Amino acid sequence: MFVLMVVVFVLGYTAIALEHPLKIDKAASALLIGVLTWTIYVFGGVDILTSGVSTAWNKFVALNPDQDNVEGMLHFITHHEVLHHLSEISTILFFLLGAMTIVEIVDQHQGFKIITDKIKTTNKVKLLWVLSVLTFFMSAALDNLTTTIVIVALIRKLMDDQKDRWFFASMVVLAANAGGAWSPIGDVTTIMLWIGGQVTTINIITRVIIPSLFTMIVPLIIVTTYLKGNITRPKMVEGEDKEYTTHKERVFILCLGVASLLFVPVFKTTTHLPPYLGMLFGLGVMWVVTEIMHRNKEHEFKSRLNVTGVLKKVDVPTVLFFLGILSAVASLQSAGHLDILASWLDKNVHDIYVINLIIGVLSSIVDNVPLVAAAMGMYPIESPDAVGYAANFVQDGLFWEFLAYCAGTGGSMLIIGSAAGVAAMGMEKIDFIWYMKKITLLAFVGYLAGAGVYYLQAMILH
């Protein structure tokens with residue numbers, strides 16, 4: 001059963017990759033493997049847990065020795081683990097749902113028109129640099145997921161050709177993940193390391209920003225050598241140019257939407273509550289404000305601009321895809337598959353740079369959150385006077401900083417390797433195989449370039 005879980009995960013992953021040839025939506029495949037891996041885990045639970053490979057079970061039974069029996073194992077899987085992982089997954093889902101709704105509210109109020117009207121250039125190279133640099137710094141202030149949703153929404157307004165949108169959205173994913181890696185609030189993994197005390201704000205910014213910048217710039221330079229031509233702006237559909245809002249309303253909603261998104265990291269830092277609560281608070285404020293703004297308008301306007309109408313346009317399949325894929329990975333984490341992988345790396349590699357590079361590559365296949373969680377569980381934070389190999393694991397040690405970089409940027413190598421990539425894939429229906437052909441090598445070169453810069457920087461500073 002332990003091996004069967006991996007087989008089902010691989011088959012499901014293949015179905016997601018071959019979504020277009022199979023003509024089966026990736027959300028359906030993700031939901032199936034999310035349920036099937038947990039079901040297999042339950043049926044093989046006794047054999048899996050008694051083998052001792054599950055760190056989660058070992059910790060649980062150490063605290064609850066009376067549960068070390070068949071009934072206790074079943075309770076551990078069906079109640080403790082399922083609910084524990086559901087709580088973590090739901091925070092990401094509600095965050096995503098809130099962010100997508102806020103962006104959609106701004107879009108329906110034609111708020112993005114203010115920005116798109118300012119962008120006059122149609123040259124592909126210039127536009128790509130502008131959007132990438134904007135994304136890089138925005139994702140550090142907001143986070144890579146929210147920034148990707150915002151910029152992809154902008155791209156939709158700027159260009160008509162589907163393949164152009166796919167390419168630009170994919171390059172935005174690279175820039176968003178690079179930007180999120182050097183900020184303590186830019187990515188889920190950096191948030192984990194920051195809250196866990198492995199890294200501090202000033203050090204993660206100053207030591208990881210330059211490698212992250214190279215991760216974005218190197219692919220951009222390569223693309224600049226062959227990207228030619230101009231973009232074509234979308235043609236107005238009949239009725240689309242109709243103005244449902246005044247200029248003042250557009251400016252106000254755009255500013256309110258941006259403020260709601262920027263409020264999230266402030267809320268997180270101030271209250272220490274999960275970021276999704278800050279996102280939902282921002283959504284609640286926008287909901288109340290728009291209800292008041294449009295309460296005296298005609299039904300045609302209200303049905304388009306009210307949040308109840310906007311929610312119908314939110315991409316629910318993307319949310320369900322997240323639910324399925326994260327559930328499947330959570331079952332592998334609970335059963336001990338990722339613990340075995342982490343232990344093997346530590347025993348056979350025993351080099352902080354190589355270990356983190358491998359974790360980065362793996363994070364493009366398996367969600368980076370459980371991989372980072374496994375690394376955090378395996379390596380305690382050493383005391384400041386630690387020497388030798390252990391010195392890499394002190395607070396702000398080389399291992400933790402390089403882990404933040406690798407886990408944050410490595411996911412760019414596959415479209416479903418990061419939250420930003422999944423969001424872009426859902427919004428623009430980007431084909432998995434197309435991304436592998438056009439973007440994976442670029443992302444890999446950028447990943448290695450940034451890693452090389454970090455290594456040289458570490459050699460100089462240490």
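# Helices, rings and loops in a predicted model

Student: What is the length of helix H17, and what span is expected?
Tutor: Helix H17 covers residues 316–335, which is 20 residues, and reaches 29 Å from its first C-alpha to its last, close to the 28 Å expected at 1.5 Å a residue. The expected span is 1.5 Å times one less than the number of residues. Helices here are DSSP runs of H or I with at least four residues, numbered from the N terminus.

Student: What should I know about the model itself?
Tutor: It is a predicted model, in which local features need pLDDT of at least 70 and side-chain atom pairs count only at pLDDT 80 or more, while totals for chains, interfaces and linings use all residues. Residues are numbered from 1 along each chain as its sequence is written, and side-chain values use heavy atoms, with hydrogens and water left out.

Student: Back to H17. How many of its residues are buried?
Tutor: In H17, 15 of the 20 residues are buried, so the helix is largely enclosed by the rest of the structure. Buried means under 20% relative accessible area, exposed means over 50%, and partly exposed is in between, with a 1.4 Å probe and protein chains only.

Student: What comes just after H17?
Tutor: Gly336, which takes a positive phi of about 110 degrees.

Student: Which residues other than glycine have a positive phi?
Tutor: Lys23 is one of them, with phi near 60 degrees. Lys23 lies in the loop between helix H2 (19–22) and helix H3 (26–43). His272 is another, with phi near 65 degrees, and is found in the loop between helix H13 (247–271) and helix H14 (275–293).

Student: Lys23 and His272: buried or exposed?
Tutor: Lys23 counts as exposed because its relative accessibility is 74%. His272 is exposed too, with a relative accessible area of 64%.

Student: New topic. How many aromatic pairs are there?
Tutor: A search of the whole structure finds 22 aromatic pairs. One of them is Phe136 with Phe137, which is edge-to-face at 5.1 Å centre to centre, with 85 degrees between the planes. Rings of Phe, Tyr and Trp (its six-membered ring) pair if their centres lie within 6.5 Å; planes under 30 degrees apart count as stacked, over 60 as edge-to-face and the rest as tilted.

Student: How accessible are Phe136 and Phe137?
Tutor: Phe136 counts as buried at 0% relative accessibility, whereas Phe137, at 45%, counts as partly exposed.

Student: Which pair is stacked?
Tutor: Tyr405 and Tyr447 form a stacked pair, 6.1 Å centre to centre with 5 degrees between the planes. The pair links distant parts of the chain, 42 residues apart: Tyr405 is in helix H21 (residues 398–409) and Tyr447 in helix H23 (residues 432–461). Tyr405 is buried, with a relative accessible area of 0%, and Tyr447 counts as buried at 1%.

Student: Which cluster holds Tyr405 and Tyr447?
Tutor: One aromatic cluster is formed by Tyr353, Phe402, Tyr405, Tyr447, Tyr454 and Tyr455.

Student: Which side chain makes a polar contact with Tyr405?
Tutor: The side chain of Thr215 does, at 2.7 Å. A polar contact is a pair of N or O atoms within 3.5 Å; within protein, one must be able to donate a hydrogen and the other to accept it, and residues adjacent in sequence count only if both atoms are side-chain atoms.

Student: Where is Thr215?
Tutor: Thr215 is in helix H12 (residues 201–224) and is buried, with a relative accessible area of 6%.

Definitions and conventions
Helix = DSSP H or I, 4+ residues; strand = E, 2+ residues; numbered from the N terminus.
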